[in-house]
Amino acid sequence: YVWDANEEYLFKAVVAFAMRRYSSKSTTQISNVLLCNVTDRVSFWFVVTDSSENVSTIPGSEVEAAIRMNRNRINSAFLLSDRTLQFLKITSTLSPPVEPSTPVWLIVFGVVLCLIVAGIVFLIVAGIRQRKKKNKESTKRENLEEKGEVTVAVENGIPCETLDLKAGHVNGVFAADDERFTSL
Amino acid sequence: LSMPREIPKEDGRPKWDNKFQYILSCIGFAVGLGNVWRFPYLCQIHGGGAFLIPYFIALLFEGIPLLHLELALGQCLRKGSISAWNTISPYLGGVGIASWMVSVLVSLYYNTVLTWVMWYFINSFQEPLPWSTCPLNENRTGLNEECYESTAVNYFWYRKTLNITPDVTESGTLQWWLILCLAACWAIVYLCTIRGIETTGKAIYVTAIFPYLVLTIFLIQGLTLPGATEGLAYLFTPNLNTLKNPRVWLDAATQIFFSLSLAFGGLIAFSSYNPPKNDCEKDAVTVAIVNSVTSLYASIPVFSVLGFKATTAYWDCLNRNIINIINEFDLPEGSIMRQNYTAWMSLLNSSYPEKIAGLKLKNCDLQEFLDQSVSGTGLAFIIFTQAIILMPGSQAWAILFFIMLFSLGLSSMFGNIEGVFTPLLELRVISNSIPKELLSGAICLICFLIALCFTLGSGSYWIDIFDSYAGSVPLLVIAFFEVIGVAYIYKIQRFSKDVKWMTGRKLNLYWHITWRFISPLLLLIVFMAFITLQIQKPPSYAAWNPKYEGFPMKEEKTYPSWVQAICVLLAVLPCVFVPLVALFHLIQQMCRSKDPSFVPPEVFSPQGANN
């Protein structure tokens with residue numbers, strides 16, 4: 001926005017407001033605030049006079065204190081911040097950064113760790129179960145081998161003895177030569 | 001005399017689910033953090049595009065031959081590094097032990113780097129990012145002094161993450177937050193390597209492919225940032241004069257060598273799980289080329305972001321100067337912009353030189369900002385994090401970036417752990433009674449406990465030491481003996497017959513020449529040059545000392561003598577196994593030859609290798 005006489009008026013009003021709030025006496029008027037040396041940069045000097053006493057200026061320290069107390073109201077009146085609206089010789093107090101009760105990173109870490117531990121437990125349990133299954137299968141195969149007199153010949157994954165049992169009728173062409181099955 | 005061999009029967013050795021898993025594992029092992037934070041830096045300081053010339057020459061004569069050698073060796077012998085070298089020749093058994101040792105040492109400190117990445121990752125969920133602002137000091141009157149003098153990003157890295165001590169001899173205390181992250185990292189490594197390649201083979205699909213996705217996203221984002229083109233132009237503008245400096249050639253050779261993760265034994269382990277009839281030649285060329293292309297591809301977003309950061313810093317510098325001038329001369333707002341800054345400056349300088357001099361304006365130079373190049377952890381944790389703060393939506397970018405770094409490092413960790421795991425599986429006679437899960441758990445637990453010393457205040461100094469001494473010189477020595485061993489002790493004719501049996505093609509002349517002459521010679525030259533450069537300057541390090549006068553510049557300190565002794569020990573310990581084992585076997589042979597009743601064992605031939 002352009003800085004014109006209306007903005008100057010607003011500035012005077014805001015400073016008067018700040019003085020009223022600080023000293024809590026409602027005698028300060030907008031006409032008490034005087035601006036001078038307004039430049040194109042939009043920088044100027046201002047003084048606050050005291051109308052009750054005879055045209056003297058209120059000491060700078062009081063004005064400084066008043067402005068410091070109401071800094072955020074002054075800033076928001078002009079839609080500016082501490083950096084864009086500067087009062088020379090008035091340093092702004094810094095606001096501490098917001099800190100949540102539990103640091104956020106601990107929460108994220110907890111989530112990640114839970115996922116990892118769940119994965120590990122799952123894999124270990126799966127591995128144990130797989131090993132038990134393999135043990136059971138190998139003992140089953142050992143039992144089968146004990147039943148058969150010779151080593152079990154496997155044809156298409158089915159032990160030949162079950163094939164024989166199932167078929168009930170041995171095809172002489174194929175079963176003629178025992179030696180055709182390679183022994184393991 | 002080599003006999004024609006049959007396909008070895010099913011030996012219960014684990015194998016890859018498919019060829020793609022194997023290739024992806026090798027690529028993941030080779031592509032690591034160095035591709036992202038070392039190659040772009042080297043490209044930049046060694047004359048941009050001109051660096052690619054020595055880089056590709058080194059790739060052709062050193063990288064690809066050595067890679068092919070390791071992959072062919074593992075596939076042919078179907079054993080891990082220790083047993084494989086014992087099989088080639090008992091005198092060369094030390095090479096396998098040396099590479100096993102190096103894998104152990106590197107695994108220790110590499111995972112700590114991943115710990116830092118994880119710490120930054122879990123801190124990226126905060127709004128605003130914790131490294132964007134300085135904390136207040138005790139009485140809340142101003143910013144924390146250490147942070148104020150350096151930058152918020154530096155403070156977060158050196159104080160909040162590392163809590164670094166000013167000297168390597170001051171150990172400081174264990175940082176509990178780093179211990180937590182370290183435990184999580186080792187738990188992740190355990191989760192992925194719990195059953196060897198059965199589990200890493202599944203995990204590698206994610207950890208090897210995901211970084212490429214993120215790099216592409218960063219590429220697109222980076223190219224849209226202002227100042228990206230300056231960064232890229234700066235990176236790639238070739239300056240052929242730098243090629244006259246031998247340092248450039250040395251850096252190219254070492255970069256290729258370390259980038260491909262050769263001589264760790266991990267590649268031998270990976271290829272040992274392959275079916276014997278597999279085209280290892282094509283695999284080697286593929287992996288090497290993908291690694292180099294990834295380096296190039298990664299440097300584009302890195303330099304776009306660096307260019308963006310430099311441009312933003314340049315603009316900030318200009319803006320500060322402009323504000324000072326406007327305040328001084330009471331000019332209206334918006335009269336001086338960046339575009340007409342130089343015109344205004346010349347005008348004001350001619351009319352009011354004293355006033356301008358009195359303002360003490362900083363000289364803003366874009367080149368100067370671009371010149372601030374860093375490699376390694378500084379690039380990722382200081383410079384990149386600073387750039388991320390400036391991007392819109394910084395949390396998302398930070399999260400993506402650190403997950404990408406984590407995946408890159410994790411896939412390299414898989415290779416390291418395989419290099420440790422596979423030889424142990426084969427060495428121990430009682431390996432059948434110990435389930436694989438227990439062995440990998442023991443490895444991870446022991447490594448975690450030892451790596452706790454890297455979480456001390458001085459931890460990052462120790463990691464630099466490990467990286468410079470354990471992860472550099474021994475690898476060169478091991479690789480040299482690998483090539484010599486295969487070419488001259490195992491005899492290249494035998495090896496070429498083996499490779500021909502595996503790939504179905506006769507060995508090209510290129511392989512003969514490189515394996516026999518060029519690669520060993522090159523390795524010897526690189527080794528000599530490396531050692532000479534190391535010896536020339538006394539080993540020193542840059543310490544972060546808030547009490548130093550030149551703070552925030554780092555203080556240059558030299559290592560005390562006991563630390564130097566440790567450095568030498570780290571470099572020598574793996575290498576010493578090579579002569580030790582050879583000597584041991586020589587003595588054994590001499591003792592046995594004196595005993596007339598003893599029949600000397602036949603030299604092992606891998607054809608009948610029943611494993």
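Predicted model: local features only at pLDDT ≥ 70, side-chain atom pairs only at ≥ 80, totals over all residues.
Start with helix α1 of chain B, which covers residues 19-30. At 1.5 Å a residue, its twelve residues should span 16 Å, and the end C-alpha atoms lie 17 Å apart, which agrees. Most of α1(B) is covered, since ten of its twelve residues are buried. Among these buried residues are B:Tyr22, B:Ile23, B:Leu24, B:Ile27 and B:Phe29. The buried set also includes B:Gln21, B:Ser25 and B:Cys26.

In the segment before α1 of chain B sits B:Asp17. The side chain of B:Asp17 meets that of B:Lys202 in a salt bridge, with 3.1 Å from N to O. B:Lys202 belongs to helix α10 of chain B, so this pair ties together parts that are 185 residues apart in sequence. With a relative accessibility of 46%, B:Lys202 counts as partly exposed.

Helix α18 runs over residues 377-390 and has 14 residues. From its first C-alpha to its last it reaches 20 Å, close to the 20 Å expected at 1.5 Å a residue. Ten of the 14 residues of α18(B) are buried, so the helix is largely enclosed by the rest of the structure.

Over all chains, a search of the whole structure finds twelve of them. One of these joins the side chains of B:Asp167 and B:Lys557, at 2.9 Å from N to O. This pair links distant parts of the chain, 390 residues apart: B:Asp167 is in the loop between α8 and α9 (176-193) of chain B, and B:Lys557 is in strand β2 (residues 555-558). Are the two partners buried or exposed? The cut-off for buried is under 20% relative accessible area. B:Asp167 has 15%, so it is buried. B:Lys557 has 16% and therefore also counts as buried.

A salt bridge can also stay within one helix. B:Arg247 forms a salt bridge with B:Asp251, and the closest N and O atoms are 4.0 Å apart. Both residues lie in helix α12 (residues 246-259) of chain B; because they are four residues apart, about one helical turn separates them. An α-helix has 3.6 residues a turn, so residues three or four places apart point the same way. B:Arg247 is partly exposed, at 39% relative accessibility, whereas B:Asp251 is buried, with a relative accessible area of 8%. Elsewhere, salt bridges that share partners join A:Arg131, B:Arg195, B:Glu198, B:Lys436 and B:Glu437 into one network.

B:Val568, B:Leu569, B:Val572, B:Leu573, B:Val576 and B:Leu580 make a nonpolar surface patch of about 480 Å². Of these, B:Val576 is found in helix α25 (residues 561-594) of chain B. B:Val576 counts as partly exposed because its relative accessibility is 33%.

Notes: Residues numbered from 1 in each chain as written. Chains lettered and ligands numbered in written order. Heavy atoms only, no water. Patch = residues over 30% accessible without salt bridge, like charges linked within 9 Å, V, L, I, M, F, W, Y side chains within 5 Å. Areas by Shrake-Rupley, 256 points an atom, 1.4 Å probe, with all protein chains shown as cover. Helix = DSSP H or I, 4+ residues; strand = E, 2+ residues; numbered from the N terminus. Buried < 20%, exposed > 50% of the residue type's maximum accessible area, 1.4 Å probe, protein only. Expected span 1.5 Å × (residues − 1).
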